[in-house]
Amino acid sequence: MRRYGKHTDEDDVRVRPNRKGNRPRTNIRPKHEDAADGMVLTVDRGRLTCLVDDRVVVAMKARELGRKAAVVGDQVALVGDLSGDKDTLARIVRITPRTSVLRRTADDDDPFERVVVANADQLAIVTALADPEPRPRLIDRCLVAAYDGGLTPLLIMTKSDLAPPDKLLELYGDLDIPYVVTSREELENGTAVARVRAELDGKITAFVGHSGVGKTTLVNALVPEERRRSTGHVNAVTGRGRHTTTSALALPLDGDEGWVIDTPGVRSFGLHHVDPSRVIHAFPDLEPGTENCPRACSHDEPDCALDAWVAEGHADPARLYSLRRLLATRERTDGD
């Protein structure tokens with residue numbers, strides 16, 4: 001039985017009233033073709049500070065993005081008030097696909113990964129040679145996270161005036177990791193900053209390290225206070241006078257020749273999210289040897305084909321040892 005006749009008019013159609021008085025829900029999402037491109041500089045309590053052209057803009061995430069969160073380093077599209085004036089708020093409507101991610105979990109039993117930084121080219125792992133003592137297992141874990149996330153590692157050793165770097169260099173020599181050794185005196189007179197800067201130009205570099213190693217001191221030397229002020233620093237979000245590395249913060253190098261991302265000091269670096277099969281990609285001399293490995297090979301078991309690959313002279317045995325040491329970090333604690 002027809003409820004309406006053949007030639008119904010719009011006025012004949014009954015429409016159920018919306019009792020809430022809000023707009024009806026729809027699956028159609030706006031395209032925001034006029035959105036402006038920007039980069040996330042820092043995130044604080046739901047507010048994201050972004051660089052849009054030469055302006056620092058505070059924004060919030062649009063509802064249509066759902067649970068997808070933007071992090072420092074993300075390239076985003078914004079709409080709304082992009083003036084950067086005080087008390088204005090823009091809206092992030094798109095997040096560009098990431099080229100790399102630095103991820104960690106709270107510990108190895110935590111299944112929930114946290115994306116710390118997006119789109120960084122390299123990971124600068126800062127460690128002191130003394131006071132506090134180096135923590136090789138934590139360095140190993142940072143290396144695994146870098147290889148897994150598509151970042152190139154850089155090792156920065158501080159306080160060489162208190163202890164020589166030889167032992168640590170011997171431990172990581174077979175990994176062919178670029179490194180810089182600095183002392184307190186060199187940091188004060190600027191020679192250390194120049195050497196570190198040479199490794200950063202033209203790249204986005206995330207800095208990581210546990211408390212007391214001199215990471216933030218080095219970042220402050222690389223990006224002077226006047227340079228911080230020119231991009232709004234972190235005051236646009238918190239109103240604080242000084243950044244204390246409680247959240248990640250992206251800072252531009254002089255001459256716009258690169259970015260430094262300072263991250264909070266870490267006490268542990270969980271690797272629950274890491275797929276061991278991806279770490280082998282950082283060892284191009286060993287990767288071809290995995291073709292004959294058994295399915296789901298951990299590369300540290302009796303039937304692993306890498307032993308024969310190395311025995312046949314295709315790669316240095318020290319490289320296989322380094323790979324297995326890094327893969328084993330998921331089974332060890334950070335406190336070693």
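Let's start with helix α10, residues 317-327. The helix is mostly covered, with 8 of its 11 residues buried. One caution before going on: this is a predicted model.

Which residues of α10 are buried? Arg319 and Leu320 are. Then come Ser322, Leu323, Arg324, Arg325, Leu326 and Leu327.

Now the N-terminal end of α10. Asp316 caps it. A side-chain oxygen of Asp316 lies 2.9 Å from the backbone nitrogen of Ala318.

Next, the backbone. Look at the peptide bond from Asp131 to Pro132. It is cis, with omega near 5°. Where is Pro132 found? In the loop between β8 (122-128) and α1.

Take Arg45, between β1 (36-44) and β2 (47-52). Its phi is near 50°, a positive value in a residue other than glycine. Is Arg45 buried or exposed? Exposed, because its relative accessibility is 67% and the cut-off for exposed is over 50%.

Then Asp87, in the loop between β4 (75-80) and β5 (90-95). Phi of Asp87 is near 65°. That is again a positive value in a residue other than glycine. Asp87 has a relative accessible area of 74%, so it counts as exposed.

To recap: α10 is mostly covered, Asp316 caps its N-terminal end, and the bond from Asp131 to Pro132 is cis. Arg45 is exposed, and Asp87 is exposed.

Key:
Residues numbered from 1 in each chain as written. Predicted model: local features only at pLDDT ≥ 70, side-chain atom pairs only at ≥ 80, totals over all residues. Heavy atoms only, no water. Buried < 20%, exposed > 50% of the residue type's maximum accessible area, 1.4 Å probe, protein only. Helix = DSSP H or I, 4+ residues; strand = E, 2+ residues; numbered from the N terminus. Polar contact = N/O pair within 3.5 Å; in protein donor to acceptor, adjacent residues only side chain to side chain.
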